[in-house]
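I opened my notebook for a friendly look through this model. Here is what I looked up, entry by entry.

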Amino acid sequence: MDESKQSETHGTKRSSWPVGPVAARLTLVVALLGLLAGLFLLQASEIAVTARRVETLRQKRDDLRRENADLLDQIAVEGNIPRLQDRASKLGLAPASQVEYLPVTVVPPDSAPTLRGQWTKNSEAGR
Amino acid sequence: MSDYVRYRLMVLAAVLTVVVVPVVVQLVRLQVVQHTFYEDLAKAIMGHTETVTAPRGRIWDRSGHLLADNVSRYQVMADPDSVNLDNVVKKLAPKLNLPPGDLRATLASAPYQVVLGTSLPLATGRAVRDLNLWAVYSTPYWQRTYPEHQLLSQVLGFVNAKGEGYYGVEGIYDSVLRGHKKVWETTQDAWFQPSPFDPAYPDSPRPGIDLVLTIDRTFQALTEAELQRALTETGAKSGTIIVMDPRTGAILAMASLPSFDPNNYLTTPKERFVNLAVSGTYEPGSVFKVLTMAAALQEGLVTPDTKYNDTACLEVGGLSVCNWDRKAHGTTNMVDLLAHSLNVGAATLSTRMGGQTFYRHVQAFGIGQTTGIDLQFEEAGNLRMPVDLDWHASDLGVHSFGQGLSVTPIQMIAAVAAVANEGVLMRPYVVAQKIDGGQVLTAKPTPNGRAISAQVAHTLSGMLEQAVERESSPARVPGYRIAGKTGTAQIPIAGGYDDPWTIGSFVGWGPVSDPRLIILVKLDRPTSSPWGAQTASPVFSRLASRLFVLMGVPPDNARAAK
């Protein structure tokens, strides 16, 4: 039996190309490979974007650290001794020419009549 | 399946095959088969080693004020071969505040990478970075700064452009203060930015350890102001003041003038970097009689009431040792010996003790050895001993009143502080705490041994207090009991002494009943008077009276009333 007759005996007419399941499988394989490649590219681009974002944040963190350091230094410079002396003298302050110590009799807190005691008494009276 | 569908499938398969297979094949070839080759090639072309340096540890005073800090500075560089000259000149010149013509000339003439600006402030550095100019780099780095400028400069030292500490605390604690480094092997993209596929950026390296000093900046400012006033009033060329807590050895202030601004160390003469308080040696003169008397008391050779016959001069080892006033004071007790600062009396004591005993005591006070203070370049001074070839018998006489030997101011104050501290010699120190993250290490006061017994120390304190009173010394501080001793020394030069120049000094402490501070004042080559009693003593009085107020030490009568 020649080939053309054999194909007719099965009730369907076959193409002369060996397509059908083979073509479908090949398409599937190629599509899968394409999908894999696409996934790879997608992942790579995602990594790149995330890494760039991380890098930006890191740079921002470093910038903030450096800004903080500069601010701390500015505070120190603004409050250094020559500036304080200058500001104090502009306010009319000067080193004391004479210092006197006043002896103060310190009474133990338990026995001392204090405002706190009066307050407590009043509070209790008000209850 | 119809032929039409099959046909379409075939076409699709063919298209996909044509499009995808080469891509896949290329991917496999580049990333698997020739992976190593291309990785090496990429590294060779875009490989970049970045060193990440953490900031140096800060230095604080004991009240929490910053003394040494780090600020962010930028360096701007460019590759002349790769830049777009017109664009760069147009955009960069205003940012760097450079004349466009100069910038153009610099870029046109430089064969390699050229530095266009350094030590640029944060705003400028970032502005240049944000221009995103091709082959122009704005790189940040940490720069050491000293917000108080000249204050405490010789104690702090400085840090050079390479981040290396020199002199003072910066020098001796360099390895502690220095921030750690991390080297990052990375690759750059075409814009010289880190490649996004690199391993994660390394964790920030550990910053250096912070140091807290025993010194208070207010005390220091006051001390420097008094020293400056003393130089102006006495005409002295230079001077040193040390303020110490005699009970612990903690340095409260340390000043030497002339000093320098560590922010501008490059334009400072090198000799100003030297901290004369620890590195400058001198003949102490009569202040040394405190140690001679301590030795004699410790040996039981004398008591405060012991008398001797003071002749104007005494021959020791063939050398005639004379009093400063060339007068014979006759029968004199030990308190008057100190009050009138009699060289003959001191030489009498040392010769009676004998060399072995005298030098043993002098060494017990730390003379001839470094004190171990945590500052760079401490000197040991020079003390000739009987075992030394260049020692002469006359040395026993002249050493007793501080001639023919050399000490540093820190040695001298530490030795005398032992008398105020019940005979215990303390190691002076300037760093009170090390702060490493959350961990705080606090320095403990360290005794360097016992120089004399507590009883002898009390006796000698009383004698020195009486000496200050009997002399009507300008060192007296109204309201406080003060003990101390003046010194006037000649300045040795090759072949003799540099007449008529002297070094005037005073070491004293108070309140005697509860010593809170000891002060050494040393003035070099004063012109107003050669005598320490007239130059250094008033400085002590002024400084001590103000420091007592700042420290909250009330006068003796107020404390007694408590």
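**Confidence in chain A.** In chain A, in which helix is confidence lowest, and in which is it highest? This is a predicted model, and I found the lowest confidence of chain A in helix α4 (residues 115–126), at a mean of 41. Helix α3 (residues 81–90) of chain A has the highest, at 92. I also noted that pLDDT stays under 50 over residues 115–127 of chain A. For that stretch the model has zero contacts beyond four places in sequence. For chain A the mean pLDDT is 76, with 68% of its residues at 70 or more.

**Where the chains touch.** Next I looked up the contact between the chains, to which chain A gives 31 residues and chain B gives 36 residues. On the side of chain B, the elements giving two or more residues are α1 (3–33), β3 (66–78), β5 (136–145), α9 (217–234) and α19 (556–561). I see that α1(B) gives the most to this side, with 12 residues. Sorted by class, the side of chain B that touches chain A has 27 nonpolar, five charged and four polar residues.

**A helix pair in chain B.** How do α11(B) and α17(B) pack, and at what angle? I found helix α11 (residues 289–298) of chain B against helix α17 (residues 454–470) of chain B at an angle of about 135 degrees, their axes 10 Å apart. That angle makes α11(B) oblique to α17(B). Their crossing is right-handed. From α11(B), V290(B), M293(B), A294(B), L297(B) and Q298(B) meet V456(B), T459(B), L460(B) and L464(B) of α17(B). I sorted the residues of this contact too: seven are nonpolar, two are polar and none is charged.

Conventions. Residues numbered from 1 in each chain as written. Chains lettered and ligands numbered in written order. Predicted model: local features only at pLDDT ≥ 70, side-chain atom pairs only at ≥ 80, totals over all residues. Contact = placed C-beta atoms within 7 Å. Helix = DSSP H or I, 4+ residues; strand = E, 2+ residues; numbered from the N terminus. Nonpolar A, V, L, I, M, F, W, Y, C, P; charged D, E, K, R; others polar. pLDDT = per-residue confidence, 0-100. Axes fitted to C-alpha atoms, helices over the stretch in contact; angles between N-to-C directions. Parallel < 35°, antiparallel > 145°, perpendicular 65-115°, else oblique. Left-handed = near helix turned anticlockwise from the far one by under 90°.
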